[in-house]
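Subject: Structure handover

Hi there,

Here is the structure I promised to pass on to you. Have a look at it first, and then read on for my notes.

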Amino acid sequence: MPSELHSPEPQTIDALPPDSALSSLTSLVEVLPDRRTFLKLAALPCFSACAASCLGELPGFSLNAAPPPEEDSRFVVEAQFYDKLQYKKTRCKLCPRECVIDDRERGYCGVRENRGGSYYSLVHSRVCAAHIDPIEKKPLFHFFPGTVAFSIATAGCNVNCKMCQNWDISQSRPEQVRSAYVPPKDLATLAQQNRCPSIAYTYSEPVVFYEYMRDAADAAHALGIKSVVISGGFIQQDPLKKLCPGVDAIKIDLKAFSEKYYKEIVNGELKPVLDALVTIRKLGVWNEIVYLVIPTLNDSDTEFRALAQWVKTNLGSDVPVHFSRFHPEYLLKNLPPTPLETLERAKSIADAEGLHYVYLGNIPGHPAESTYCPKCKRVVIERIGFTVREIHLRKGECEYCQQIIPGVWQ
Amino acid sequence: MRQNPNPNRREFLHSCLASAVIAGGTHPLAPFFSPKEKSKVVIARDQLLRGAGSNPESDRLVKMLDRSMQALYAADTPLDAWKRVVRPGEVIGLKVNTLAGRGISTSVLLVEAICERLREAGIQEKDIVVWDRLNTDLESAGFRPTSRQGRIRYFGNDTLGYEDDLSIYGSVGSRLSKTLTQACDAVINLPALKDHSIAGVTIALKNLFGAIHNPNKYHLSVGDPYVADVHMLPPIRQKLRLHICDALTAQYEGGPSFMPQWTWPFNGLMVSLDPVAMDYVGWQIIEQKRTEKGMKSLQALGRVPNYISTAADVQHQLGTNDPRHIQQVEV
């Protein structure tokens, strides 16, 4: 489940500000923000206007009213990864949970259903959230910086993180949230019409709408639009290997570096996520990692160090790692926001272990939002919040010392 | 039974608080579990229930229901018993179990019999709501979803939807069905008696998974502690009045789906105020049948329904799973 918040309030696409308006916000912060400034910057995602009105059928995402009964056959496609078992049971092979599901029952994700011994996704083309976001909000810092992504989600998730920001959609079944029918070609066209160079599959957990994501990525590529996946990485190897060639970047939320945390806080497992990261790297898909730092749960020096060492050994020093600030949400409202010093401690440990691109997230205005050349140490991409102020790259190289900065820039 | 005979300070305070919540927050007619009294589980059976055919006969079913209610409440007449369950003017929800469709769901005949007794006890038809998760589930079990004014209403949670806010207890954070929270003053739980391939068994406690928006999240660890925690959500705990388990046909393997090869005509009803005791007794019935059929026990298969003992522990106190404190009455 990605840590990226989707706005619950529908807005018109006309609310998307011109670039100049986004840029003007950068003047708000010169140093670490005060409370008022922080709140202003926190509202920045609102400028990532919701695409509800573009979709026509999305009157809003409020859960107040029960969705009207829907004919759901448009959204139902047979799942690509499952085994048929005796007595009309099925075993899902999409995520490592491998739910064994009786007839008329659903898997843990709530969006895949056994119907008479065959297994179906109920969320193909069933979009329940759509926004136009800066790519930095994903966050992807080394992938077309300063552009926007047409960002969508369906209901459902294959884990249940206690800190989930988007639990209203991720922990719901598709019929419990308002959705629009957006087939892959329409999605690609919407992205193109709104001048989005990429589509982001995000907010809930794109693994659970795998079939739709693959079809949409193909349709998007046909129009020259990239696809980025914002995921918890809790996926089996086979579907991941088939997904990778069709997408352009994958951001993985590495929730912690302990199985205990994954079991108690995430309701998942760490090992398959690490395996997924290695596979993504091997297959050459651009990858960044986010680590949401939660006070007392995953914020020890030992864990930060083990994480950094693992990344360096298994993925290399050039994989960007974002340490993000936690805010109390969902079932973890009893913990405070992450102190800044904790995040800075995490960064200093990761830096010391030799990672080249370590960022701090949800701290608008912090210098660690910007990209620094690992050789000459100068700022090559300056950011404040989700806004890119300056880029000093030429063909993927630092314009000062010609050091190659890894990423997808053109 | 997980009850700690020597609770520490935290457990003791938790226990006191839980008791205070129960005593102060429930309806006068709501069952109050007292560990000092035995929990009664009435099992009514009728071997001639189906006569010469394969379907239960309505009049014999009504008599079985009456016997069980009189035994549970030690009442002179069925009406006396029902008057201790409901009050005129209340809206009564009947939470059926219809996931498996015809064959191993709460039967239409039983619901009709209960509705008749509710009417006699002063509940108007318009104040009876028969509900489950989905309208399609109700239909598949033989009910006809309808919200017609002045008549008994039948509908799934998809009709009214779910509350916006989360209800949280222990491991559970869920949005509750508005049918439960807004449409009903009290709920009579009408589960089936069946095996569950993940949770061990599904009887009284687990039937309330049908009142939350995300039951798919709570089948890990054989449903423990989730099933017990769901029952602790205040609207559920406060509104449940009575549990009547439809055991006309029971299933000892392959549930929750209907697997006719593993069903048997139990020809009975189980009635109790204590869902934990009912689940314990029902579980033993299923285990006994599995033994008769030469099947492995749920323990051997790694799916003991430990949520039953969790529901009885000092934190939950939803009832008792201690056979010494269960009075099993057969009528």
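Strand E2, residues 92-96 of chain B, is mostly covered, with five of its five residues buried. Helices (H or I, at least four residues) and strands (E, at least two) are DSSP runs, numbered from the N terminus.

Before going further, please keep in mind that this is a predicted model: local features need pLDDT of at least 70, side-chain atom pairs count only at pLDDT 80 or more, and totals for chains, interfaces and linings use all residues. Residues are numbered from 1 along each chain as its sequence is written, while chains are lettered from A and ligands numbered from 1 in the order in which they are written.

Back to E2(B): this strand pairs in the parallel sense with strand E7 (residues 186-190) of chain B over five bridges, where two strands pair if DSSP finds at least two bridges between them. Val96(B) has Leu190(B) of E7(B) opposite. E2(B) also runs parallel to strand E3 (residues 128-132) of chain B, joined by four bridges, and Gly93(B) has Val129(B) as its bridge partner in E3(B).

**A three-stranded sheet in chain A**

In chain A there is an open sheet of three strands in the order E1-E6-E5, with antiparallel pairing. Strands E1 (77-78) and E5 (112-115) of chain A each have a single partner strand and stand at the edges, so one side of each is left without a neighbour in the sheet. Four bridges link E5(A) to strand E6 (residues 118-121) of chain A in the antiparallel sense. Arg112(A) has Ser121(A) as its bridge partner in E6(A), and Glu113(A) stands opposite Tyr120(A). E5(A) and E6(A) form a hairpin with two residues between them, and in the turn Gly116(A) has a positive phi of about 70°.

**Two helix pairs**

In chain B, helix H2 (residues 58-73) packs on helix H4 (residues 108-120) at an angle of about 60°, with the axes 10 Å apart. Axes are lines fitted to C-alpha atoms, for helices over the stretch in contact, and angles run from 0 to 180 degrees between N-to-C directions. That makes H2(B) oblique to H4(B); angles under 35 degrees count as roughly parallel, over 145 as roughly antiparallel, 65 to 115 as roughly perpendicular and the rest as oblique. Ser58(B), Leu61(B), Val62(B) and Leu65(B) of H2(B) meet Leu109(B), Leu110(B), Ala113(B) and Ile114(B) of H4(B), with contact taken as C-beta atoms, placed from the backbone, within 7 Å. By class, this contact has seven nonpolar, one polar and no charged residues. For the classes, Ala, Val, Leu, Ile, Met, Phe, Trp, Tyr, Cys and Pro count as nonpolar, Asp, Glu, Lys and Arg as charged, and the others, Gly among them, as polar.

In chain A, the axes of helix H5 (residues 184-193) and helix H6 (residues 210-222) come within 8 Å and cross at roughly 45°. H5(A) and H6(A) are therefore oblique to each other. Among the residues making this contact are Leu187(A) and Ala188(A) of H5(A) and Ala216(A) and Ala219(A) of H6(A). The contact of H5(A) with H6(A) has eight nonpolar, no polar and two charged residues.

**Backbone details to check**

Two cis peptide bonds deserve a look. One joins Lys138(A) and Pro139(A), with omega about -10°, and Pro139(A) lies in the loop between strands E8 (129-134) and E9 (148-153) of chain A. Another runs from Asp224(B) to Pro225(B), with omega near 10°; Pro225(B) is in the loop between strand E9 (200-202) and helix H8 (226-232) of chain B.

Positive phi values turn up outside glycine too. Lys377(A) has phi near 70° and counts as exposed, with 11 C-beta neighbours inside 10 Å. Asn267(B) has phi near 55° and counts as buried, with 20 C-beta neighbours inside 10 Å.

Best wishes

Notes: A residue is buried if 20 or more other C-beta atoms lie within 10 Å of its own, exposed if 12 or fewer, and partly exposed in between; C-beta atoms are placed from the backbone. Two residues are in contact if their C-beta atoms, placed from the backbone, lie within 7 Å.
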